[in-house]
Amino acid sequence: MRYISTRRKEGEAAFSASEAILKGLAPDGGLFIPESMPSIPGSFTLAKGAWYAMYQAMLPYFEGDELADDLEEICRNAFSFPVPFHEDGGKDTLELYFGPTAAFKDFGARFLAFSMEKLLSKRGEDLTILVATSGDTGGAVASAFHGREHLSVKVLFPKGRVAERQRMQLTGWDGNVSSYEVEGSFDDCQRMVKEAFMDPELHGLSSANSINLGRLLPQMAYYVYASSLYEAKHGEKAVFVIPSGNVGNATGAYWAKAMGAPISRIVLACNANRPIVDYLEVGEYEPRASVQTLANAMDVGAPSNIERLFALFPDFESFKSNVSAYSVSDDEIRRTIKEVYDESGYVICPHTACGERVRRDHVAEAHSVVVSTAHPAKFNDIVEPLIGRTVAIPQNLYEIMHRTPRAKEIAPDYRSLF
Ligand SMILES: *Cc1c(COP(=O)(O)O)cnc(C)c1O
(Lines give C-alpha, C1' and ligand atoms only; values in the text may rest on other atoms or scores of the structure.)
Protein backbone atom coordinates (compact mmCIF):
# COMPACT_ATOMS: atom_id res chain seq x y z
CA MET A 1 0.00 0.00 0.00
CA ARG A 2 1.37 3.40 -1.04
CA TYR A 3 0.27 6.92 -0.14
CA ILE A 4 0.08 9.95 -2.39
CA SER A 5 -0.58 13.64 -1.82
CA THR A 6 -4.04 15.14 -2.30
CA ARG A 7 -2.24 17.71 -4.49
CA ARG A 8 -0.22 15.18 -6.43
CA LYS A 9 0.72 15.86 -9.98
CA GLU A 10 1.49 13.19 -12.56
CA GLY A 11 4.73 11.35 -11.75
CA GLU A 12 5.12 12.67 -8.18
CA ALA A 13 6.43 10.21 -5.59
CA ALA A 14 4.35 7.83 -3.49
CA PHE A 15 5.26 6.90 0.11
CA SER A 16 4.88 4.00 2.51
CA ALA A 17 2.59 4.32 5.55
CA SER A 18 5.61 4.69 7.84
CA GLU A 19 7.09 7.44 5.69
CA ALA A 20 3.74 9.25 5.64
CA ILE A 21 3.47 8.98 9.44
CA LEU A 22 6.97 10.38 10.01
CA LYS A 23 6.52 13.17 7.44
CA GLY A 24 3.05 14.29 8.57
CA LEU A 25 2.45 16.46 5.54
CA ALA A 26 3.27 15.52 1.93
CA PRO A 27 6.28 17.38 0.45
CA ASP A 28 3.98 19.48 -1.77
CA GLY A 29 1.94 20.61 1.27
CA GLY A 30 -0.96 18.25 0.54
CA LEU A 31 -2.38 15.50 2.76
CA PHE A 32 -1.53 11.82 2.42
CA ILE A 33 -4.24 9.54 1.00
CA PRO A 34 -4.06 5.88 -0.06
CA GLU A 35 -3.29 5.36 -3.74
CA SER A 36 -6.44 3.23 -3.85
CA MET A 37 -8.96 2.37 -1.15
CA PRO A 38 -8.49 -1.12 0.31
CA SER A 39 -11.27 -3.51 1.36
CA ILE A 40 -11.97 -4.87 4.83
CA PRO A 41 -9.97 -8.14 5.13
CA GLY A 42 -11.97 -11.34 4.68
CA SER A 43 -10.68 -12.53 8.07
CA PHE A 44 -12.33 -9.58 9.86
CA THR A 45 -13.99 -10.71 13.11
CA LEU A 46 -15.75 -9.03 16.04
CA ALA A 47 -15.14 -12.08 18.22
CA LYS A 48 -11.85 -10.86 19.68
CA GLY A 49 -13.06 -7.45 20.83
CA ALA A 50 -12.65 -3.84 19.77
CA TRP A 51 -8.88 -3.42 19.58
CA TYR A 52 -8.46 -6.60 17.55
CA ALA A 53 -11.21 -5.62 15.10
CA MET A 54 -9.53 -2.23 14.72
CA TYR A 55 -6.19 -3.93 14.13
CA GLN A 56 -7.70 -5.96 11.30
CA ALA A 57 -9.22 -2.88 9.71
CA MET A 58 -5.78 -1.21 9.80
CA LEU A 59 -3.91 -4.19 8.29
CA PRO A 60 -4.42 -3.43 4.58
CA TYR A 61 -3.15 0.13 5.12
CA PHE A 62 0.19 -1.31 6.29
CA GLU A 63 0.56 -4.02 3.65
CA GLY A 64 4.26 -4.25 2.78
CA ASP A 65 5.14 -1.59 5.37
CA GLU A 66 7.99 -1.84 7.88
CA LEU A 67 5.41 -1.58 10.71
CA ALA A 68 3.25 -4.46 9.44
CA ASP A 69 4.68 -6.99 11.91
CA ASP A 70 4.41 -4.55 14.82
CA LEU A 71 0.88 -3.43 14.04
CA GLU A 72 -0.87 -5.92 16.33
CA GLU A 73 1.23 -4.86 19.33
CA ILE A 74 0.80 -1.16 18.53
CA CYS A 75 -2.99 -1.53 18.30
CA ARG A 76 -3.16 -3.54 21.52
CA ASN A 77 -1.24 -0.81 23.35
CA ALA A 78 -2.92 2.17 21.71
CA PHE A 79 -6.55 1.01 21.86
CA SER A 80 -6.47 -0.20 25.45
CA PHE A 81 -9.87 1.15 26.51
CA PRO A 82 -13.51 0.30 25.76
CA VAL A 83 -15.50 1.60 22.73
CA PRO A 84 -19.11 1.13 23.94
CA PHE A 85 -22.53 2.03 22.53
CA HIS A 86 -25.12 3.79 24.64
CA GLU A 87 -28.17 1.94 23.32
CA ASP A 88 -31.52 3.56 22.77
CA GLY A 89 -33.69 1.35 20.57
CA GLY A 90 -31.48 1.61 17.49
CA LYS A 91 -30.95 5.35 17.87
CA ASP A 92 -27.70 4.65 19.63
CA THR A 93 -24.69 6.74 20.64
CA LEU A 94 -21.10 5.61 20.13
CA GLU A 95 -19.06 6.72 23.13
CA LEU A 96 -15.52 7.45 21.99
CA TYR A 97 -14.43 9.01 25.27
CA PHE A 98 -12.90 6.28 27.41
CA GLY A 99 -9.30 7.10 26.55
CA PRO A 100 -6.97 8.94 28.95
CA THR A 101 -8.19 12.44 28.04
CA ALA A 102 -11.84 11.49 27.56
CA ALA A 103 -12.21 12.46 23.89
CA PHE A 104 -11.93 10.59 20.58
CA LYS A 105 -8.55 12.21 19.83
CA ASP A 106 -6.96 9.70 22.22
CA PHE A 107 -7.32 6.95 19.59
CA GLY A 108 -5.31 8.82 16.95
CA ALA A 109 -2.80 10.44 19.30
CA ARG A 110 -1.98 7.12 20.98
CA PHE A 111 -1.64 5.21 17.72
CA LEU A 112 0.65 7.92 16.37
CA ALA A 113 2.80 7.91 19.54
CA PHE A 114 3.26 4.12 19.63
CA SER A 115 3.95 4.00 15.87
CA MET A 116 6.52 6.79 15.99
CA GLU A 117 8.21 5.19 19.01
CA LYS A 118 8.57 1.94 17.08
CA LEU A 119 9.86 3.63 13.92
CA LEU A 120 12.39 5.78 15.79
CA SER A 121 13.75 2.87 17.82
CA LYS A 122 14.33 0.93 14.56
CA ARG A 123 16.21 3.95 13.20
CA GLY A 124 18.00 4.88 16.44
CA GLU A 125 16.71 8.44 16.09
CA ASP A 126 14.96 10.92 18.38
CA LEU A 127 12.25 13.47 17.65
CA THR A 128 10.82 16.45 19.48
CA ILE A 129 7.13 17.07 18.87
CA LEU A 130 5.94 20.68 19.02
CA VAL A 131 2.24 21.27 19.70
CA ALA A 132 0.48 24.61 19.84
CA THR A 133 -2.93 24.13 21.42
CA SER A 134 -5.93 26.19 22.43
CA GLY A 135 -7.29 23.28 24.44
CA ASP A 136 -8.13 19.69 23.58
CA THR A 137 -5.51 18.49 21.11
CA GLY A 138 -2.53 19.31 23.31
CA GLY A 139 -3.84 17.22 26.19
CA ALA A 140 -4.42 14.15 24.04
CA VAL A 141 -0.96 14.46 22.45
CA ALA A 142 0.81 15.09 25.79
CA SER A 143 -0.89 12.09 27.38
CA ALA A 144 -0.23 9.82 24.38
CA PHE A 145 3.46 10.67 24.09
CA HIS A 146 4.21 10.72 27.82
CA GLY A 147 6.73 7.96 28.57
CA ARG A 148 7.30 7.04 24.90
CA GLU A 149 10.97 6.48 24.17
CA HIS A 150 12.90 8.47 21.53
CA LEU A 151 10.23 11.18 21.72
CA SER A 152 9.82 14.37 23.67
CA VAL A 153 6.97 16.83 23.51
CA LYS A 154 6.75 20.59 24.00
CA VAL A 155 3.19 21.82 24.47
CA LEU A 156 2.53 25.55 24.00
CA PHE A 157 -0.69 27.18 25.14
CA PRO A 158 -1.81 30.79 25.65
CA LYS A 159 -1.69 31.91 29.27
CA GLY A 160 -5.08 32.52 30.85
CA ARG A 161 -7.01 31.42 27.77
CA VAL A 162 -7.65 27.74 28.38
CA ALA A 163 -10.23 26.34 30.80
CA GLU A 164 -8.92 25.16 34.19
CA ARG A 165 -9.64 21.49 33.47
CA GLN A 166 -7.93 21.78 30.10
CA ARG A 167 -4.94 23.46 31.75
CA MET A 168 -4.59 20.48 34.10
CA GLN A 169 -4.47 18.13 31.13
CA LEU A 170 -1.77 20.23 29.47
CA THR A 171 0.47 20.71 32.47
CA GLY A 172 0.23 17.56 34.57
CA TRP A 173 3.27 15.92 32.96
CA ASP A 174 6.90 15.31 33.69
CA GLY A 175 9.71 13.36 32.03
CA ASN A 176 9.58 13.73 28.26
CA VAL A 177 6.62 16.16 28.17
CA SER A 178 7.14 19.88 28.95
CA SER A 179 4.40 22.52 28.99
CA TYR A 180 4.90 26.18 28.15
CA GLU A 181 2.41 28.83 29.18
CA VAL A 182 2.95 31.56 26.59
CA GLU A 183 2.36 35.21 27.38
CA GLY A 184 0.38 35.77 24.22
CA SER A 185 -2.46 34.39 22.12
CA PHE A 186 -3.03 31.02 20.46
CA ASP A 187 -1.87 32.65 17.21
CA ASP A 188 1.43 33.52 18.92
CA CYS A 189 1.81 29.86 19.94
CA GLN A 190 1.22 28.71 16.37
CA ARG A 191 3.66 31.30 15.01
CA MET A 192 6.35 30.15 17.46
CA VAL A 193 5.98 26.56 16.28
CA LYS A 194 6.22 27.61 12.62
CA GLU A 195 9.32 29.72 13.32
CA ALA A 196 10.99 26.84 15.16
CA PHE A 197 10.36 24.55 12.17
CA MET A 198 11.94 27.12 9.84
CA ASP A 199 15.07 27.67 11.97
CA PRO A 200 17.89 25.88 10.09
CA GLU A 201 19.83 25.42 13.37
CA LEU A 202 17.12 23.23 14.87
CA HIS A 203 16.87 19.57 13.91
CA GLY A 204 14.67 16.61 14.77
CA LEU A 205 11.44 18.60 15.15
CA SER A 206 8.09 17.17 14.17
CA SER A 207 4.39 17.70 14.71
CA ALA A 208 1.48 15.49 15.70
CA ASN A 209 -1.21 17.32 13.74
CA SER A 210 -4.63 15.84 13.27
CA ILE A 211 -3.92 15.61 9.53
CA ASN A 212 -1.18 13.01 10.17
CA LEU A 213 -2.09 9.68 8.57
CA GLY A 214 -1.28 7.99 11.90
CA ARG A 215 -4.05 9.95 13.57
CA LEU A 216 -6.56 9.40 10.80
CA LEU A 217 -6.33 5.62 10.38
CA PRO A 218 -7.56 4.75 13.90
CA GLN A 219 -10.60 6.94 13.21
CA MET A 220 -11.29 4.78 10.15
CA ALA A 221 -10.78 1.64 12.24
CA TYR A 222 -13.34 2.41 14.95
CA TYR A 223 -15.98 3.02 12.28
CA VAL A 224 -15.28 -0.38 10.73
CA TYR A 225 -15.61 -1.93 14.19
CA ALA A 226 -18.64 0.03 15.38
CA SER A 227 -20.66 -0.20 12.17
CA SER A 228 -20.05 -3.95 11.98
CA LEU A 229 -21.08 -4.40 15.61
CA TYR A 230 -24.20 -2.30 15.05
CA GLU A 231 -25.21 -4.30 12.00
CA ALA A 232 -24.57 -7.59 13.80
CA LYS A 233 -26.83 -6.46 16.64
CA HIS A 234 -29.66 -4.78 14.71
CA GLY A 235 -29.52 -6.53 11.35
CA GLU A 236 -29.49 -3.11 9.66
CA LYS A 237 -26.92 -0.57 8.59
CA ALA A 238 -26.88 2.68 10.57
CA VAL A 239 -26.62 6.31 9.51
CA PHE A 240 -23.61 7.81 11.31
CA VAL A 241 -23.99 11.40 12.52
CA ILE A 242 -20.59 12.93 13.30
CA PRO A 243 -19.90 16.20 15.18
CA SER A 244 -17.32 17.86 12.94
CA GLY A 245 -14.78 20.67 12.83
CA ASN A 246 -11.62 19.77 10.93
CA VAL A 247 -13.58 16.72 9.60
CA GLY A 248 -10.81 14.26 10.49
CA ASN A 249 -13.22 12.09 12.43
CA ALA A 250 -15.73 12.13 9.56
CA THR A 251 -13.00 11.43 6.98
CA GLY A 252 -12.26 8.25 8.96
CA ALA A 253 -15.90 7.26 8.52
CA TYR A 254 -15.81 7.92 4.75
CA TRP A 255 -12.69 5.76 4.43
CA ALA A 256 -14.41 2.99 6.42
CA LYS A 257 -17.47 3.19 4.16
CA ALA A 258 -15.25 3.10 1.07
CA MET A 259 -13.70 -0.13 2.41
CA GLY A 260 -17.14 -1.72 2.64
CA ALA A 261 -18.07 -1.01 6.27
CA PRO A 262 -21.83 -1.32 6.81
CA ILE A 263 -22.68 2.40 7.04
CA SER A 264 -25.83 3.51 5.24
CA ARG A 265 -24.82 7.17 5.04
CA ILE A 266 -22.74 9.79 6.84
CA VAL A 267 -24.08 13.11 8.14
CA LEU A 268 -21.87 15.91 9.47
CA ALA A 269 -23.10 17.91 12.46
CA CYS A 270 -21.40 21.32 12.52
CA ASN A 271 -21.76 24.20 14.95
CA ALA A 272 -22.09 27.81 13.75
CA ASN A 273 -18.88 27.28 11.74
CA ARG A 274 -20.46 26.12 8.50
CA PRO A 275 -18.16 26.24 5.46
CA ILE A 276 -19.24 22.73 4.40
CA VAL A 277 -22.94 23.42 5.00
CA ASP A 278 -22.63 26.53 2.82
CA TYR A 279 -20.69 24.64 0.15
CA LEU A 280 -23.54 22.14 -0.13
CA GLU A 281 -26.06 24.98 -0.43
CA VAL A 282 -24.10 27.28 -2.74
CA GLY A 283 -21.82 24.95 -4.72
CA GLU A 284 -18.72 26.98 -4.06
CA TYR A 285 -16.29 26.18 -1.25
CA GLU A 286 -15.03 29.13 0.77
CA PRO A 287 -13.03 28.81 3.98
CA ARG A 288 -13.89 31.38 6.67
CA ALA A 289 -12.51 32.83 9.88
CA SER A 290 -13.73 30.71 12.79
CA VAL A 291 -16.38 31.88 15.26
CA GLN A 292 -16.54 30.88 18.93
CA THR A 293 -19.24 28.45 20.02
CA LEU A 294 -20.12 26.20 22.97
CA ALA A 295 -18.74 23.23 21.00
CA ASN A 296 -15.30 24.84 20.88
CA ALA A 297 -13.33 21.83 19.60
CA MET A 298 -15.34 22.30 16.38
CA ASP A 299 -14.64 26.03 16.00
CA VAL A 300 -13.01 25.64 12.60
CA GLY A 301 -13.66 27.91 9.63
CA ALA A 302 -11.21 26.21 7.26
CA PRO A 303 -11.38 22.44 7.88
CA SER A 304 -7.93 20.94 7.29
CA ASN A 305 -9.21 17.55 6.12
CA ILE A 306 -11.49 19.01 3.44
CA GLU A 307 -8.80 18.15 0.85
CA ARG A 308 -9.23 14.47 1.69
CA LEU A 309 -13.00 14.71 1.18
CA PHE A 310 -12.47 16.51 -2.14
CA ALA A 311 -10.08 13.72 -3.15
CA LEU A 312 -12.85 11.16 -2.49
CA PHE A 313 -15.62 13.24 -4.09
CA PRO A 314 -13.91 15.47 -6.65
CA ASP A 315 -16.92 17.12 -8.26
CA PHE A 316 -19.83 18.91 -6.62
CA GLU A 317 -22.39 16.29 -7.70
CA SER A 318 -20.54 13.37 -6.11
CA PHE A 319 -19.75 15.48 -3.02
CA LYS A 320 -23.41 16.37 -2.68
CA SER A 321 -24.64 12.82 -3.07
CA ASN A 322 -22.24 11.54 -0.38
CA VAL A 323 -21.97 14.36 2.15
CA SER A 324 -24.79 15.87 4.18
CA ALA A 325 -24.06 18.61 6.71
CA TYR A 326 -26.15 20.75 9.03
CA SER A 327 -25.31 23.64 11.32
CA VAL A 328 -26.40 23.80 14.97
CA SER A 329 -26.56 27.04 16.99
CA ASP A 330 -25.45 27.53 20.59
CA ASP A 331 -29.12 27.87 21.65
CA GLU A 332 -29.88 24.52 20.02
CA ILE A 333 -26.86 22.96 21.76
CA ARG A 334 -28.17 24.10 25.15
CA ARG A 335 -31.71 23.00 24.37
CA THR A 336 -30.55 19.56 23.21
CA ILE A 337 -28.38 18.84 26.27
CA LYS A 338 -31.38 19.68 28.46
CA GLU A 339 -33.92 17.81 26.31
CA VAL A 340 -31.88 14.58 26.25
CA TYR A 341 -31.25 14.74 30.01
CA ASP A 342 -34.93 15.45 30.82
CA GLU A 343 -36.07 12.54 28.63
CA SER A 344 -33.71 9.84 29.80
CA GLY A 345 -31.12 11.13 32.27
CA TYR A 346 -28.38 10.71 29.65
CA VAL A 347 -25.77 13.49 29.78
CA ILE A 348 -23.99 14.61 26.60
CA CYS A 349 -21.27 17.17 25.85
CA PRO A 350 -21.87 20.25 23.64
CA HIS A 351 -20.22 18.59 20.60
CA THR A 352 -22.30 15.45 20.93
CA ALA A 353 -25.37 17.70 21.32
CA CYS A 354 -24.77 19.03 17.79
CA GLY A 355 -24.94 15.44 16.56
CA GLU A 356 -28.09 14.65 18.53
CA ARG A 357 -29.81 17.84 17.29
CA VAL A 358 -29.01 16.91 13.69
CA ARG A 359 -30.33 13.37 14.21
CA ARG A 360 -33.58 14.68 15.69
CA ASP A 361 -34.13 17.31 12.98
CA HIS A 362 -32.67 15.76 9.83
CA VAL A 363 -32.34 11.96 10.08
CA ALA A 364 -35.59 10.13 9.31
CA GLU A 365 -34.12 6.60 9.35
CA ALA A 366 -34.87 4.32 12.33
CA HIS A 367 -31.26 3.11 12.52
CA SER A 368 -28.72 5.74 13.42
CA VAL A 369 -25.65 6.32 15.54
CA VAL A 370 -24.62 9.70 16.93
CA VAL A 371 -20.90 9.78 17.62
CA SER A 372 -20.13 11.09 21.10
CA THR A 373 -16.78 12.81 20.80
CA ALA A 374 -16.08 13.76 24.42
CA HIS A 375 -17.20 13.01 27.97
CA PRO A 376 -19.60 15.70 29.30
CA ALA A 377 -17.49 16.14 32.46
CA LYS A 378 -14.89 17.93 30.31
CA PHE A 379 -17.43 20.67 29.70
CA ASN A 380 -18.99 20.82 33.16
CA ASP A 381 -19.30 24.65 33.15
CA ILE A 382 -21.68 24.41 30.19
CA VAL A 383 -23.46 21.15 30.96
CA GLU A 384 -24.08 21.33 34.73
CA PRO A 385 -26.18 24.54 34.80
CA LEU A 386 -28.42 23.10 32.05
CA ILE A 387 -29.16 19.80 33.77
CA GLY A 388 -29.13 21.13 37.33
CA ARG A 389 -26.67 18.64 38.74
CA THR A 390 -22.98 17.89 38.77
CA VAL A 391 -21.50 15.46 36.25
CA ALA A 392 -19.34 12.80 37.87
CA ILE A 393 -15.75 12.82 36.63
CA PRO A 394 -14.84 9.48 35.03
CA GLN A 395 -11.78 7.61 36.25
CA ASN A 396 -9.71 8.41 33.15
CA LEU A 397 -10.15 12.18 33.59
CA TYR A 398 -9.77 12.02 37.35
CA GLU A 399 -6.31 10.53 37.01
CA ILE A 400 -5.11 13.27 34.70
CA MET A 401 -6.61 16.05 36.79
CA HIS A 402 -4.81 14.95 39.90
CA ARG A 403 -1.31 15.11 38.54
CA THR A 404 0.97 17.93 39.67
CA PRO A 405 0.75 20.88 37.27
CA ARG A 406 4.09 21.98 35.85
CA ALA A 407 4.29 24.75 33.28
CA LYS A 408 7.01 27.20 32.40
CA GLU A 409 5.86 30.74 31.68
CA ILE A 410 7.63 32.09 28.63
CA ALA A 411 7.60 35.15 26.39
CA PRO A 412 6.11 34.63 22.90
CA ASP A 413 9.52 33.89 21.36
CA TYR A 414 10.28 30.37 20.09
CA ARG A 415 13.89 30.60 21.29
CA SER A 416 12.68 30.30 24.89
CA LEU A 417 11.61 26.72 24.09
CA PHE A 418 15.15 25.44 23.59
C1 LIG B 1 -11.65 17.52 17.75
C2 LIG B 1 -13.04 17.38 18.26
C3 LIG B 1 -14.17 17.42 17.39
C4 LIG B 1 -14.04 17.67 15.92
O5 LIG B 1 -13.42 16.63 15.25
P6 LIG B 1 -12.79 16.86 13.78
O7 LIG B 1 -12.06 15.63 13.45
O8 LIG B 1 -11.91 18.07 13.90
O9 LIG B 1 -13.96 17.13 12.87
C10 LIG B 1 -15.43 17.22 17.94
N11 LIG B 1 -15.60 17.04 19.26
C12 LIG B 1 -14.56 17.00 20.12
C13 LIG B 1 -14.82 16.81 21.57
C14 LIG B 1 -13.25 17.17 19.65
O15 LIG B 1 -12.22 17.16 20.53
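Author: A polar contact is a pair of N or O atoms within 3.5 Å; within protein, one atom must be able to donate a hydrogen and the other to accept it, and residues adjacent in sequence count only if both atoms are side-chain atoms. A backbone N or O atom of glycine 248 lies 3.0 Å from an oxygen atom of the ligand, and a backbone N or O atom of asparagine 246 is 2.8 Å from a ligand oxygen atom. Threonine 373 contributes through its side chain, where an N or O atom is 2.8 Å from a nitrogen atom of the ligand. On its own the ligand has 390 Å² of accessible area, of which the protein covers 96% (Shrake-Rupley method, 1.4 Å probe; for residues, only the protein chains shown count as cover).

This is a predicted model, in which local features need pLDDT of at least 70, side-chain atom pairs count only at pLDDT 80 or more, and totals for chains, interfaces and linings use all residues. Residues are numbered from 1 along each chain as its sequence is written, and side-chain values use heavy atoms, with hydrogens and water left out.

There are 14 residues around the ligand (a heavy atom within 4 Å), and Lys105, Gly245, Asn246, Val247 and Thr373 come nearest.

As for the surrounding chain, buried residues (under 20% relative accessible area, 1.4 Å probe, protein chains only) make up 57% of its 418 residues. The C-alpha trace spans about 60 × 50 × 45 Å along its principal axes. The protein chain exposes about 16,600 Å², with carbon and sulfur atoms supplying 46% of that area.

How values were computed:
Buried means under 20% relative accessible area, exposed over 50%, partly exposed in between (1.4 Å probe, protein chains only).
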